[in-house]
Structure formats: structure tokens, C-alpha cells
Amino acid sequence: MPLQAHQALPYALFFLTGMAPWMLVNALFLQLAAFTDGHGGFAVPEGNAIASYMALAIQFGNIVTIGYVCLGKYIKFDLRKVILSILILEILTTLWLSFAWKAQMRVLGAHISVTLILVAFTSGVVGSMSNVTFWPFAVFYSPSMTAAMALGTSFSNILPSILAAMQLPGPSPRFSTSLFFVLTAGMLVIATLSFGLIGWTDLASPVKEAKEDSLTTPLLPRRKASLSRASSATRRRSANNNYSPCPPPQNANSNKNNTVSSGGVSLPSAGMRCSRNKEKIKGRYQESSGGGKEGKERGPPKALRVKVESVGSNGTGAKAVNNANVSPYSLPVFLQLWSCIMYFYIPGIQTFLVQSFAEKGKVLLWFTVVDKCVGVFGRFAASRSSLYLSAEMCCSLQTVAFGFMFITGWPFNLSSVGLIISCGFHSVLYSYTNTLVYMNNVRTQKNKSRAKAMSEWLGIAQQVGASTGIAVAFLQTVSGFFR
């Protein structure tokens with residue numbers, strides 16, 4: 001659907017807002033060349049291990065998001081104020097990083113880059129919080145605004161990458177690391193101002209007039225006794241295989257013959273009419289079996305039989321039965337898990353992959369730029385192309401590209417160009433696989449309840465895979481595996 005003229009400004013505001021959440025995370029990894037390839041060698045005490053430490057700190061940021069989601073069941077949070085708060089926090093953190101990124105602290109006899117680790121943790125908090133605040137906020141606006149925010153999220157990789165390519169971090173950068181982070185903070189200020197215009201002006205109006213507290217709805221629903229009793233009664237009636245619950249008879253006009261008096265004429269009551277309808281339906285089921293009323297009753301036709309079987313005998317409804325049929329051990333869940341383990345393992349060890357090349361700072365820069373920028377092409381191809389590879393083939397090709405990075409880079413160090421190309425293919429294939437498993441779930445799963453349950457398992461597999469890949473890289477780093 002083409003963008004209307006009056007939607008251009010709101011679209012631009014949502015695009016700029018979408019750039020903010022993950023920009024600081026991307027900026028940190030784009031400066032790895034400055035951290036590990038300075039004038040006198042390593043600029044940080046951790047050396048090449050700093051990438052693994054930052055990746056682990058970012059992952060710990062999810063703890064804050066989990067606490068926020070749990071508190072949302074009991075406390076009403078204003079989404080506008082929450083989003084504005086985390087954006088301001090990101091700006092202040094970036095400015096602090098620009099002046100104190102070399103700060104160190106001695107802990108247990110070892111020096112650590114305290115500023116880098118704390119900023120990495122804060123950037124992880126901001127990024128993970130955006131998943132439970134930015135997207136629920138965008139629901140109140142037209143779908144095109146959500147698309148604009150998603151596009152802006154993709155550009156949170158591209159714009160810092162362009163800035164880093166202009167800087168060329170390493171032994172002889174064109175401008176300092178501090179200036180790089182100041183410019184990053186400037187882009188975050190623009191994104192924050194854009195969100196302020198969305199939330200507190202009429203430049204971007206919601207699709208529907210919402211209630212006063214519509215933007216403070218908790219993430220987890222509160223249980224209401226009246227609704228709970230009503231839903232329980234509905235489930236009990238559904239458990240009796242009644243397709244439409246029969247209304248109770250009218251007490252004032254009902255009699256022993258289940259009739260209702262109306263103008264001197266006796267009419268069947270609602271309960272009697274419902275009973276007759278059930279008898280007619282039962283007769284049709286028997287006739288469909290081929291033997292009429294005298295034939296063997298084989299049950300309802302297939303289409304209706306699915307509806308009957310969707311209600312469990314315990315009255316829990318269709319959702320419990322449908323979710324029970326979705327296995328977490330299915331092939332799409334495994335593909336998602338393995339693909340995420342490979343992809344999130346690489347950032348923690350990328351400094352070691354390039355450590356033996358002569359110009360490792362330049363190689364590391366372009367390795368990171370390619371990794372951050374080309375993934376969007378994989379997502380676009382998976383969502384737009386009608387002739388797409390299977391998820392199994394994509395994941396297999398990603399595994400091949402993953403192996404080639406260790407052939408062209410550490411420990412064989414065959415080719416820096418081959419390493420960067422392998423990284424690009426690996427990133428595209430991960431994005432393709434990650435998008436495709438979700439889209440295949442929607443395309444092939446006709447039952448919405450099963451599709452929702454499978455999406456939840458795919459999301460869990462993505463998070464578990466990310467945590468596993470980062471944890472493995474960290475353990476290998478601290479154990480001296482890459483020395």
C-alpha cells in the first residue's frame with residue numbers, strides 16, 4: 001500500500017526512532033579495532049578478549065527486561081515515559097563512554113575496562129527493553145509505522161558502519177574514538193527528539209482514539225474474577241460438545257412442555273428448540289455415514305470432527321490441545337537453535353579470527369561492517385522472494401560459511417578477503433534462515449493457535465541459541481583456547 005502524503009512525517013519520525021535501541025551495541029563492536037589495535041598494541045587490558053566480555057555483558061542486560069515484564073503484571077507503566085527514559089539513558093551512557101572509554105579498575109588482581117563493560121551492559125538493557133516497549137507502542141499506530149520502525153532498526157547497523165568506515169579506527173584513525181561516540185550520541189539525540197514528537201504532539205496520531213490508560217496497559221494480563229468465572233462457564237458448556245450453548249428457558253413463561261405463550265399461541269421454548277436442533281444435527285451425522293438412522297453412527301464429518309476434538313474432556317479448550325501437538329523438538333526449532341548458536345558465537349571471537357593478519361585493525365573493521373550491514377539483504381530476500389531455499393538448505397550453507405571463516409582466518413590464516421566474504425555469506429544466510437523459519441510457520445500452519453505456539457518455541461530457541469553461542473565464546477576465551 002503506497003504511503004500517503006500526510007503519513008510522510010510520521011513515517012520519518014518512526015524511522016528515526018527505530019534507529020536508537022541497538023545503535024550503541026553496534027557502535028561498541030565497530031570500535032573493536034581501536035580497542036585492540038592501538039599505537040602501542042592493545043588499548044584495553046583485556047586485549048582480544050574484550051569482544052567476548054562485551055558480548056556477555058550485553059546478554060546480561062536481558063535480566064532487567066525480565067524484571068520489567070514481571071513487574072508489568074502488578075504495575076502500570078506508561079510506555080511513552082519508559083521509552084523516553086531508556087533513550088535518555090542511552091544518550092548519557094554514550095557521552096560518558098566518549099570521555100572515559102579507557103578507564104580501568106583493578107578487580108581481584110586484574111585490570112578490567114570498567115567503562116566498556118558497564119556501557120555494554122547498559123546497551124544490552126536498552127536493546128532488550130526495546131523489544132517489549134517500542135513494538136507494543138507502535139501497535140497504536142498504523143502498520144506502516146511499524147514497518148518504518150523496523151526499517152530504522154536496520155539502519156542502526158548501517159549508519160554507525162558508515163561513520164566507522166570514514167574514521168578507519170586503528171593505529172592511524174582519521175578522527176578519535178571519543179569523537180566517534182560523540183557523533184553516535186548526536187544521532188541518538190535526533191532519535192529521541194523524534195520519539196518526543198510522536199508521543200507528545202499531534203504529528204503522529206494513533207489509528208483509533210484510545211482510552212486514557214491505553215498506553216499503560218501491563219504486558220502480562222491481570223486476571224478478573226468476573227471474566228474468569230464467565231470463561232469457566234463457557235468452557236464447561238463447550239466440554240459437552242455443544243456447538244452453540246443453549247440459552248436457559250424463560251422462567252416466567254416456561255412450562256412443563258417447554259413451550260412459551262405468546263399472544264395465545266404456544267411456541268417452543270429456547271431450550272426445546274436447541275434440543276431439536278441437536279437431534280437434527282445428530283441425524284445428519286448418521287445419514288453421512290451411509291446407513292441413515294439405522295446405520296452405524298460414525299461421528300461427525302471431518303471438518304466438524306476437528307472442531308469437536310479441539311475441546312478437551314477437562315474443559316480447557318482448544319488452546320491446550322493444539323499447543324500439546326506443537327513439539328519443541330521439531331526440525332524448525334533445531335534449525336533456529338543451531339543457526340543462532342553459530343551467529344552469536346562469532347562476535348565474541350572475531351578479534352581472534354583476525355589476530356594473525358598484518359593489518360588486523362583494518363580487517364577487523366571491514367569484518368564487523370560487513371557482518372552488521374549485509375544481514376538486512378537476507379531478511380528482505382526471505383520475505384519478498386517466492387523462489388526461496390528451504391530452511392534446511394540455508395542452515396546447511398550457513399554451517400559451511402561458518403567453517404570457512406576458521407579456514408580463511410584463525411588458525412590457518414589463508415586470506416583476509418576470504419574471511420570477510422565468508423562472514424558476509426554467514427550473516428546473510430543467518431538472517432535468511434531466521435526469517436524463513438518464522439514465515440514458513442505462518443505459511444504452513446493453518447491453525448492460529450499452533451502457529452502462535454510454534455512462534456513462541458522459535459523465539460525461545462533464538463534466545464537460548466544466542467546465550468549458548470556467547471557463553472561458549474566466553475569460556476573458550478578465558479580458558480586460553482585461542483592463544
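Predicted model: local features only at pLDDT ≥ 70, side-chain atom pairs only at ≥ 80, totals over all residues.
User: Hi! Is I88 buried, partly exposed or exposed?

Analyst: Residues are numbered from 1 along each chain as its sequence is written, and side-chain values use heavy atoms, with hydrogens and water left out. Buried means under 20% relative accessible area, exposed over 50%, and partly exposed in between (1.4 Å probe, protein chains only). With a relative accessible area of 40%, I88 is therefore partly exposed.

User: Which element gives the largest share of the nonpolar patch?

Analyst: The patch consists of I88, L92, L95, F99, L179, V182 and L183, with about 630 Å² of accessible area together (Shrake-Rupley method, 1.4 Å probe; for residues, only the protein chains shown count as cover). Patch residues have over 30% relative accessible area and no salt bridge, with nonpolar side chains (Val, Leu, Ile, Met, Phe, Trp, Tyr) joined within 5 Å and like charges within 9 Å. Two or more residues come from each of α6 (79-100) and α9, helices being DSSP runs of H or I with at least four residues, numbered from the N terminus. The largest share, four residues, comes from α6.

User: Which helices do the buried residues of α8 pack against?

Analyst: Among the buried residues of α8 are M145, G152, N157, P160 and S161. Contact here means heavy atoms within 4.5 Å. The partners of the buried residues are α1 (8-18), α2 (23-30), α7 (114-138), α9 (177-200) and α15 (360-373).

User: How far apart in space are V369 and N157, C-alpha to C-alpha?

Analyst: V369 lies in helix α15 and is buried, with a relative accessible area of 9%. Leaving aside neighbours within four places in sequence, V369 is in contact with L30 and S161. V369 and N157 are 212 residues apart in sequence, yet their C-alpha separation in space is 8.3 Å.

User: Which residue forms a salt bridge with K362?

Analyst: A salt bridge is a side-chain nitrogen of Lys or Arg within 4 Å of a carboxyl oxygen of Asp or Glu, and a search of the whole structure finds two. One joins the side chains of R80 and D78 (3.6 Å, N to O); R80 is partly exposed at 23% relative accessibility, whereas D78 is buried at 16%. K362 is partly exposed at 44%. The closest N and O atoms are 3.7 Å apart in the salt bridge between K362 and E359.

User: Which residues is S427 in contact with, leaving aside its neighbours within four places in sequence?

Analyst: S427 sits in helix α18 (residues 416-444). Its relative accessible area is 0%, so S427 counts as buried. Beyond those sequence neighbours, the contacts of S427 are Y343, D371, V374 and G375.
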